Amino acid sequence: MFNFDFHNPTRIFFGKDRLDSIDQVVPADATVLITYGGGSAVKSGLIDKVKIVLGNRKVYEFGGIEPNPRYETLMKAVEIVRSENIDFLIAVGGGSVIDGTKFITLASSYKGDGRDLLKYGFTPITSEVVGTVVPIGTVLTLPATGSEMNSGAVISYEHGKFPVMSPLTFPKFSTLDPTITFTLPKIQVANGIIDTFVHTTEQYLTYPVDARLQDRMAEGILQTLIEIGETTVNEPENYDARANLVWCATLALNGIIATGVPVDWSVHMLGHELTALFGIDHGQTLAIVLPPMLEVRREQKRAKLLQYAERVWKIEDGSDEEKITLAIQKTREFFENLGVKTRFSEYGVEADQIPVVIEQLKAHGMTALSETQDLTLDISQQILERAL
Ligand code: NZQ
Ligand code: ZN
């Protein structure tokens with residue numbers, strides 16, 4: 001097992017009717033900005049409920065944060081934070097609203113051009129760069145990204161999606177009420193299951209380092225998703241199935257399963273280019289890329305793929321090769337049974353677009369990906385060709 005530092009300060013309020021907890025953790029004299037997306041949280045009455053809990057605090061609102069939040073939109077909220085002396089931000093939404101709000105707080109404190117913050121990539125942005133930031137809390141409406149309990153964000157600008165990492169952007173608290181997610185369209189639930197699944201495989205399907213507990217935690221998340229996946233898509237108000245999805249999504253990307261193990265993230269890096277170029281939802285891009293990634297990288301990932309086949313999919317018969325092949329096939333079938341298409345061409349993207357994706361990967365420096373940094377542009381091309 002590798003050495004690691006693990007620190008996660010986010011307080012979680014989980015379960016039904018937990019909004020009242022916000023009153024305990026937002027200072028009574030705070031001036032609050034509530035951020036939200038395209039309107040689902042207004043329509044469901046959630047924004048009004050959050051405002052009621054905030055009582056006499058001075059509250060401003062900023063709506064319209066789009067899926068794959070854009071720099072230009074977020075900078076409009078930065079103006080409000082500065083002009084109204086906001087001292088607490090509450091993000092009500094999915095990954096896009098939460099990520100956007102993380103960026104808003106960093107950019108509000110930063111003295112230079114906000115676009116500078118998109119250049120840090122996976123290098124954490126510290127208080128030396130931005131000074132003190134306004135704290136954030138979240139009310140999660142879509143289980144998928146884990147953004148409610150991590151310090152990362154992904155921000156869209158021009159034709160790119162830029163990771164933004166900062167220890168300053170861990171939410172102070174996140175309210176995880178599975179009933180708030182009941183209004184999600186089926187496709188967003190399926191996207192969320194796939195995002196959670198692939199967050200887990202990115203941190204598990206690498207090479208063994210005898211991290212037995214982390215492996216079993218990852219396998220536990222994958223097995224839980226396989227057990228509840230179809231149920232929670234088809235029975236949106238089945239509380240227990242949805243509660244399991246919500247907690248899996250949070251734990252898959254709050255840092256715990258990454259402790260002491262190698263991590264990959266190539267499926268995400270390819271997926272981000274597909275969203276930026278073709279507007280395909282984040283979860284769907286992962287469903288397109290993961291199966292061919294595992295096929296092309298089966299030599300590098302052999303030991304963990306076999307463990308995945310035997311422990312997650314319970315495949316006992318056949319040679320090692322056959323077990324791995326069947327596990328990859330079952331992974332694809334799992335995604336398709338959730339109602340998500342797994343072929344590039346099913347999203348209207350054809351072979352002639354692959355060079356464009358490769359150019360973008362190159363432009364964004366994605367030329368040495370994976371847990372061993374040996375995934376070159378040529379290999380990305382093979383993966384994308386197999387994804388058609
Ligand atoms: O905008 P509204 O009207 O709220 O509608 C949203 C949006 O259209 C809707 N929605 C959310 N909650 C709802 C709801 N509709 C009805 N009822 C509800 N309860 O769902 C749509 C998608 O929302 P979005 O926030 O974009 O989805 P998701 O949570 O999947 O977030 C995706 C973003 O997160 C980034 C992705 O790249 C993408 O930009 N990621 C962030 C990560 C992180 N911070 O750690 C890691 C991930 O790998 C990912 O890259
Ligand atoms: Zn993801």
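These questions and answers concern the cavities of a predicted model. Local features need pLDDT of at least 70 and side-chain atom pairs count only at pLDDT 80 or more, while totals for linings use all residues. Residues are numbered from 1 along each chain as its sequence is written.

Visitor: How many cavities of 30 Å³ or more does the structure hold?
Guide: A cavity is a set of points, on a 1 Å grid over the protein atoms alone, where a 1.4 Å probe fits but cannot get out. Points are joined across faces, edges and corners, and a volume is the space filled by probe spheres set on them. At 30 Å³ or more, the number of cavities is two.

Visitor: Which helix gives the largest share of the lining of the largest cavity?
Guide: Lining residues have an atom within 4 Å of a point; among them here are Thr 201, Asp 264 and Met 293. Helices are DSSP runs (H or I, at least four residues), numbered from the N terminus. Helix H7 (186–204) and helix H11 (282–296) each supply at least two lining residues. The largest share, three residues, comes from H11.

Visitor: What is the volume of the second largest cavity?
Guide: Its lining includes Gln 203, Tyr 204 and Lys 304. H7 and helix H8 (212–234) each give two or more residues to that lining. The second largest cavity has a volume of about 30 Å³.

Technical notes: Chains lettered and ligands numbered in written order. Heavy atoms only, no water. 1 Å grid on protein atoms, 1.4 Å probe; cavity = no way out; pocket = protein on both sides within 12 Å on 5 of 7 lines; lining within 4 Å.
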